[in-house]
Amino acid sequence: MPNNQLADDQASGLRQMKKQMVKVISITGGKGGVGKTNVTLNLAMALAQLGKKVMVLDADLGLANCDVMLGLRVERNLSHVLAGTATLDDILVEGPFGIKIVPATSGSQNMTELSSVEHASLIRAFSELQTAVDVLLVDTAAGISDMVLSFSRASQDVLVVVCDEPSSITDAYALMKILSRDHAVEKFKIVANMVRSLKEGQELFAKLTRVTDRFLDVSLELVATVPHDENVRKAARKQKAFIEAFPTTPASMAIKTLALKAAKWPLPVNASGHLEFFLEQLVQPQSE
Ligand SMILES: Nc1ncnc2c1ncn2[C@@H]1O[C@H](COP(=O)(O)OP(=O)(O)O)[C@@H](O)[C@H]1O
Ligand SMILES: [Mg+2]
């Protein structure tokens with residue numbers, strides 16, 4: 001494809017995308033096993049129950065991805081969209097309560113290291129999306145890869161899931177340090193997960209803010225305290241989200257409270273409320 005054709009396609013894609021105002025929230029944590037995928041999927045369903053049209057971008061290439069966790073059958077994923085053999089609507093998988101899941105690319109495909117043709121495909125794919133979306137949740141991978149940093153930088157809200165373990169706290173701290181120092185992300189919404197009491201959640205938050213207040217220029221807000229709840233694992237064994245299998249279990253109640261808050265988080269009034277801004281941020285390497 002000649003270069004000017006590519007640029008034209010991208011430009012028309014971006015113009016169309018201006019129509020969609022989408023709230024983009026990424027779910028991070030630094031460490032694996034802290035509950036990112038569980039928070040993402042259950043929050044998605046809780047928001048859907050509040051009437052929001054929710055799409056989940058599964059950017060976690062680990063083993064327990066969203067489709068596996070929900071026992072959904074996935075035939076194609078983002079790599080097919082990037083290759084131009086499927087549209088985004090083709091690959092969307094519908095989950096409980098009508099949430100739409102964009103299955104992760106398999107293997108080593110890194111969304112921040114795309115060729116220019118793949119960039120164009122991705123932007124065009126989102127611009128041609130027929131499915132209406134109010135909220136896009138991005139389930140990120142463990143670690144502090146370029147991909148995690150890009151998604152966080154491009155999102156309007158960054159949720160950091162932590163649990164009361166030294167390694168979770170240090171990994172969350174390291175993630176916030178890099179995001180604030182190198183990527184101008186200064187606000188973080190903390191989800192204390194797997195806590196034994198409300199008090200433990202508040203103490204965990206206090207531990208985190210003691211170090212961030214001292215060493216980083218960031219502001220943290222505790223947005224949810226999710227109790228350790230045996231029904232989370234029970235639901236996982238049934239390949240169901242806990243909010244569906246056990247709607248009134250303590251973890252579900254905590255996620256529903258979070259959804260009520262998240263539904264009210266304002267959309268920015270400037271360009272960053274548009275899906276196009278998210279994608280531009282995502283695919284454009286930060287020049288430093
Ligand atoms: N609130 C909770 N109570 C009990 N177990 C939990 C809770 N949140 C997550 N888990 C369990 O912790 C493990 C990791 O969760 P997962 O969402 O896959 O984490 P991540 O996506 O961060 O790797 C899973 O076995 C899950 O069932
Ligand atoms: Mg995960």
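Q: Before anything else, what sort of model is it?

A: It is a predicted model, and local features are described where pLDDT is at least 70, while side-chain atom pairs count only at pLDDT 80 or more.

Q: How many helices and strands does the protein chain have?

A: The secondary structure of the protein chain comes to 13 helices and eight strands. Of its 288 residues, 53% count as buried, and the accessible surface of the protein chain comes to about 12900 Å², with 50% of that belonging to carbon and sulfur atoms.

Q: And the contacts, what share join residues at least 24 apart?

A: If one takes the contacts in the protein chain between residues at least 6 apart in sequence, 79% of them join residues at least 24 apart.

Q: On to the strands. Is β7 mostly covered or mostly exposed?

A: Strand β7, which runs over residues 187–195, is mostly covered, with seven of its nine residues buried.

Q: Which strands pair with it, then?

A: Strand β6 (residues 157–162) pairs with β7 in the parallel sense over four bridges, and in that pairing V160 has I190 of β7 as its bridge partner. β7 also pairs with strand β8 (residues 219–227), again in the parallel sense and over eight bridges, where K189 has E221 in β8 as its bridge partner.

Q: Switching to the packing, which residues of the largest nonpolar core touch the most other members?

A: That core has 40 residues, and those touching the most other members are L43, I99, L137, L159, V191, I255 and L258. Helix α2 (residues 36–49) gives the largest share of this core, with eight residues.

Q: Take L137 from that list; what does L137 touch?

A: Not counting residues up to four places away in sequence, L137 touches I25, I27, T40, L43, A44, V54, M55, V56 and L57. Apart from the core that includes L137 lies another core, of 26 residues, among them I123, L136, V138 and L279.

Q: I was also looking at P103. Where is it found?

A: P103 is found in the loop between β4 (100–102) and α6 (116–127).

Q: Why does P103 count as buried?

A: P103 counts as buried because its relative accessible area is 3%, and buried means under 20%. Leaving aside neighbours within four places in sequence, P103 is in contact with D58, V74, R76, N77, L78, I91 and V93. Of these, L78 is 25 residues from P103 along the chain, and their C-alpha atoms are separated by 6.4 Å.

Q: Last one, K256: where does it sit, and is it buried, partly exposed or exposed?

A: K256 has its place in helix α12 (residues 250–262), and it is partly exposed, with a relative accessible area of 26%. Not counting residues up to four places away in sequence, K256 touches A46, Q49, I243 and P247.

Q: Which atom of P247 lies 3.0 Å from a polar atom of the K256 side chain?

A: The backbone oxygen of P247 does. K256 and M45, for their part, are 211 residues apart in sequence and 9.1 Å apart in space, C-alpha to C-alpha.

Technical notes: Residues are numbered from 1 along each chain as its sequence is written. Chains are lettered from A and ligands numbered from 1 in the order in which they are written. Side-chain values use heavy atoms; hydrogens and water are left out. Buried means under 20% relative accessible area, exposed over 50%, partly exposed in between (1.4 Å probe, protein chains only). Helices (H or I, at least four residues) and strands (E, at least two) are DSSP runs, numbered from the N terminus. Two strands pair if DSSP finds at least two bridges between them. Contact means heavy atoms within 4.5 Å. A nonpolar core is a set of buried Ala, Val, Leu, Ile, Met, Phe, Trp, Tyr and Cys residues joined through side-chain atoms within 4.5 Å. Accessible areas come from the Shrake-Rupley method with a 1.4 Å probe; for residues, only the protein chains shown count as cover. A polar contact is a pair of N or O atoms within 3.5 Å; within protein, one must be able to donate a hydrogen and the other to accept it, and residues adjacent in sequence count only if both atoms are side-chain atoms.
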